[in-house]
Amino acid sequence: GIPEGDRAALVSRNFNPSIGRCLTFWYHMYGEAMGELNVYVKPVGGSRTKVWSKSGDQGDEWKMGQVTLKNMDSDYQVEFEAVRGSNFRADIGLDDISFKES
């Protein structure tokens, strides 16, 4: 099987520098063995920084997440990372990911 703590990532295209961009997405995190969902910003050629995180069972419903990405001085990517919980009895879903200039 897949070990606890195993990770899967969804990485965006490169974005140009911006003084402000709003990231909005919907997530579904349901199950007794839920791991975590993290969002990182990673400048091209740099290290990633965590900008949002949830862990544990969030209920059997879709919820909205939002992050304001401010003062990005260089091209960057956004990475969604799902981390597996203690067993297979949980699912993480992502939908309707959008980026808007603020």
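Student: Why is Gln58 called buried?

Tutor: This is a predicted model. In it, Gln58 has a relative accessible area of 18%. Buried means under 20%, so Gln58 is called buried.

Student: Where is Gln58 found, and with which residues is Gln58 in contact, leaving aside its neighbours within four places in sequence?

Tutor: Gln58 lies in the loop between β4 (49-55) and β5. Leaving aside those neighbours, its contacts are Tyr27, Met29 and Lys63.

Student: What makes the approach of the Gln58 side chain to the backbone oxygen of Ser55 a polar contact?

Tutor: The distance from the side chain of Gln58 to that oxygen is 2.9 Å.

Student: Why is Met64 called partly exposed?

Tutor: The relative accessible area of Met64 is 44%. Buried means under 20% and exposed over 50%, with partly exposed in between; therefore Met64, at 44%, is partly exposed. This residue has its place in strand β5.

Student: Which residues touch the most other members of the largest nonpolar core?

Tutor: This core has 16 residues, and those touching the most other members are Leu23, Phe25, Val39, Trp52, Leu69, Tyr76 and Val78. Two or more core residues come from each of β2 (18-30), β3 (36-43), β5 (63-72) and β6 (76-83). The most come from β2, which gives 4 residues.

Student: What does Val39 touch, not counting residues up to four places away in sequence?

Tutor: Val39 touches Leu23, Phe25, Thr49, Lys50, Val51, Trp52, Val78, Glu79 and Phe80. In soluble globular proteins, nonpolar side chains tend to be buried together.

Student: How many helices and strands does the protein chain have, and how much of the chain is buried?

Tutor: There are 0 helices and 7 strands. Of the 102 residues, 34% count as buried. The C-alpha trace spans about 40 × 25 × 15 Å along its principal axes. The protein chain exposes about 6100 Å², of which carbon and sulfur atoms supply 46%. Among contacts between residues at least 6 apart in sequence, 81% join residues at least 24 apart.

Notes:
Residues numbered from 1 in each chain as written. Predicted model: local features only at pLDDT ≥ 70, side-chain atom pairs only at ≥ 80, totals over all residues. Heavy atoms only, no water. Core = buried A, V, L, I, M, F, W, Y, C linked by side-chain atoms within 4.5 Å. Buried < 20%, exposed > 50% of the residue type's maximum accessible area, 1.4 Å probe, protein only. Contact = heavy atoms within 4.5 Å. Polar contact = N/O pair within 3.5 Å; in protein donor to acceptor, adjacent residues only side chain to side chain. Areas by Shrake-Rupley, 256 points an atom, 1.4 Å probe, with all protein chains shown as cover.
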